[in-house]
Amino acid sequence: MWITKEKAGGKVKFGLRRAGVETDCQVVADSLKIKHGDTKVLGGGHPYAAAVFCDPEIQEWLLNELIDFVGAKRLSLIHI
């Protein structure tokens, strides 16, 4: 899975993209929305791409949650 990180207005956007069938991006985004009510999650409606928006003060927490959920060995982080 690739994660892109960029500013989007007053929020931080983590874009989730996958290669292969191991990880469903929408499941990742939905799980984070359930776990943290202050996280705004928008998805593309399909398992291979999603986006997670959050306030800047919780971006490190959110990145750690993504790593924990997906697994560090399967991630690439790209800063835009």
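This is a predicted model: local features need pLDDT of at least 70, side-chain atom pairs count only at pLDDT 80 or more; totals for chains, interfaces and linings use all residues.
Modeller: Residues are numbered from 1 along each chain as its sequence is written, and side-chain values use heavy atoms, with hydrogens and water left out.

Colleague: Why is Ala-51 called buried?

Modeller: Buried means under 20% relative accessible area, exposed means over 50%, and partly exposed lies in between (1.4 Å probe, protein chains only). Ala-51 has 12% relative accessibility, and therefore counts as buried.

Colleague: What makes the contact of Lys-5 and Glu-60 a salt bridge?

Modeller: A salt bridge is a side-chain nitrogen of Lys or Arg within 4 Å of a carboxyl oxygen of Asp or Glu, and for the side chains of Lys-5 and Glu-60 the N to O distance is 4.0 Å. Lys-5 lies in strand E1 and Glu-60 in helix H2, so the pair ties together parts that are 55 residues apart in sequence; helices (H or I, at least four residues) and strands (E, at least two) are DSSP runs, numbered from the N terminus.

Colleague: Are these two partners buried or partly exposed, Lys-5 and Glu-60?

Modeller: Lys-5 is buried, because its relative accessible area is 13%, whereas Glu-60, at 48%, counts as partly exposed.

Colleague: How do you know that Lys-11 forms a salt bridge with Asp-55?

Modeller: The closest N and O atoms of Lys-11 and Asp-55 are 2.6 Å apart, which meets the cut-off for a salt bridge.
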